[in-house]
Amino acid sequence: MIINHNITAMNTHRQLSINTAATSKNIEKLSSGLRINRAGDDAAGLAISEKMRGQIRGLDMATKNAQDGISLIQTAEGALNETHSILQRIRELAVQSSSDTNTASDRKELQKEVQQLKDEVDRIANNTEFNTKKLLNGDLSAKAYKDESAVVASKTGDFAVAVTGANPLSDGDATTPKNVTADDTFVVKVTAYNANTNQYSYTITPESTGVESAAATFTAGGSATDAVGTAASLGGVTVTMDTTKIKVGDSFTLVTRQEQNSTGGATNALNFQIGSNSNQTIGVGVESMKTGDLHISKVDISTQAGATAAISTLDDAIQNVSAERAKLGAVQNRLEHTINNLGTSSENLSAAESRVRDVDMAKEMMQQTKNNILAQAAQAMLAQANQQPQGVLQLLR
């Protein structure tokens, strides 16, 4: 019999230590709910789950970013809603002033309201902010290249009228010289007919000056493509008119817009981070909604000609505001779909991360119960093993 080394007790103690350590790990996992509490539990699983956690938190923050983006767009779009209302009111006043039932003093009073409304458009553009960021003053402009344009906005009578000599217009090339030389609206009106010379007289009134030009003439029943005015008098473009169907009182309104951002400057458009990784963004520019950029700063309805020109100018401005609101609304709808997609991605990735990192509580309880029983049994056997060397005392009797 040996008493210096109780091999049975040593073996039992080793098994007890193993069972106790296993039980401790079971308790740790059950109390934390995690299968991986340290790198030693599953080194590869830890690395994978931490990468997933980064993606999940990024997706959740991207959702918040998209929601903030919607809030910004709603702020800008809400302000433009009021700008729309103001433009509609100015147009209403222009239509009223166009009628000769008003006197000159009446039109001056109407112009007072128009001026106040224009000032309010500028105030809205300069003061609309989100998180101290000005939205409608042009600071967030995409500064995309904008083509020149020259269109006949309206006309009376059944004659045909067309813009010619404007081939370079809207060609998208910022370096090609263009024809349009003015941001203006021109009202061309047939004012008289001279039976002796068989000629019509017409005048051109630019909205920017409100000054009616001296009368020019063309022959009645001439070519269907007779030129009216000159390129210099119509903002750089040439206009032809069917003179076979014209009559006194007929008119047309020409709106010209010069090229903008011809150098293609850098964009200041907003970028919304809507993904968990770099460069996953949505960009949107908000163009300036000031009266100067809507081309209504020169609107003056204190004369009949000015009021007539203002109607077409305001139609153009209303269209520009509508286009901007439509763009913002489209981005808002896109962001709403983005939020839904981000939520789905975060949910699915969380499920994948859970499978790697979370503990199966039922399975772990089963293991803990087993290890706990084994530890208790080992403890009892250790007590028995410790009693074995006492048998040597029987030899001393």
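A crossing of two helices is left-handed if the near helix is turned anticlockwise from the far one by less than a right angle, and right-handed if clockwise. By this rule, α2 passes α3 in a left-handed crossing.

The model is a predicted one, in which local features need pLDDT of at least 70 and side-chain atom pairs count only at pLDDT 80 or more, while totals for chains, interfaces and linings use all residues. Residues are numbered from 1 along each chain as its sequence is written, and side-chain values use heavy atoms, with hydrogens and water left out.

**Helix packing**

Helices (H or I, at least four residues) and strands (E, at least two) are DSSP runs, numbered from the N terminus. Two packed helices are described by the angle between their axes and the distance between the axes. Axes here are lines fitted to C-alpha atoms, for helices over the stretch in contact, and angles run from 0 to 180 degrees between N-to-C directions.

| Helix pair | Angle between axes | Distance between axes |
|---|---|---|
| α2 (residues 43-98) and α3 (residues 104-127) | about 165 degrees | 10 Å |
| α2 and α4 | roughly 165 degrees | within 7 Å |
| α1 (residues 7-32) and α5 (residues 361-387) | about 155 degrees | 8 Å |

Angles under 35 degrees count as roughly parallel, over 145 as roughly antiparallel, 65 to 115 as roughly perpendicular and the rest as oblique. With axes at about 165 degrees, α2 and α3 are therefore roughly antiparallel to each other. On the α2 side, the residues that meet α3 are A79, E82, T83, I86, R89, I90, L93, Q96, S97 and S98; their partners in α3 are R107, L110, E113, V114, L117, K118, E120, V121 and I124. Sorted by class, this contact of α2 with α3 has 9 nonpolar, 4 polar and 6 charged residues. For these classes, Ala, Val, Leu, Ile, Met, Phe, Trp, Tyr, Cys and Pro count as nonpolar, Asp, Glu, Lys and Arg as charged, and the others, Gly among them, as polar.

Helix α2 also packs against α4, where the axes come within 7 Å and cross at roughly 165 degrees. That angle makes α2 roughly antiparallel to α4. The contact of α2 with α4 divides into 29 nonpolar, 21 polar and 11 charged residues, and α2 passes α4 in a left-handed crossing.

For α1 and α5, the axes lie 8 Å apart at an angle of about 155 degrees. This makes α1 roughly antiparallel to α5. Their contact has 13 nonpolar, 13 polar and 2 charged residues, and the crossing of α1 and α5 is left-handed.

Buried means under 20% relative accessible area, exposed over 50%, and partly exposed in between (1.4 Å probe, protein chains only). Contact means heavy atoms within 4.5 Å.

L72 is found in helix α2 and is buried, with a relative accessible area of 6%. Leaving aside neighbours within four places in sequence, L72 is in contact with F130, L135, L270 and F272. The C-alpha atoms of L72 and T132 are separated by 11 Å, and the two residues are 60 residues apart along the chain.

In helix α4 (residues 304-357) lies T338, which is buried at a relative accessible area of 12%. T338 touches I274 and I282, not counting residues up to four places away in sequence. L349 is also found in helix α4, but L349 is partly exposed, at 22%. Apart from neighbours within four places in sequence, L349 is in contact with M52, Q55, I56 and L59.

**Loop residues with positive phi**

T132 lies in the loop between β1 (129-130) and β2 (133-134). Although T132 is not a glycine, its phi is positive, at about 70 degrees. T132 counts as exposed, at 68% relative accessibility.

N279 is found in the loop between β11 (270-273) and β12 (281-284). Phi of N279 is near 65 degrees, a positive value in a residue other than glycine. At 71% relative accessibility, N279 counts as exposed.

**Aromatic rings**

Rings of Phe, Tyr and Trp (its six-membered ring) pair if their centres lie within 6.5 Å; planes under 30 degrees apart count as stacked, over 60 as edge-to-face and the rest as tilted. By this rule the count comes to 3 aromatic pairs. Y193 and Y200 form a tilted pair, 4.9 Å centre to centre with 45 degrees between the planes. Y193 is partly exposed, with a relative accessible area of 39%, whereas Y200 is buried, at 11%. Y193, Y200, Y202 and F218 form one aromatic cluster.
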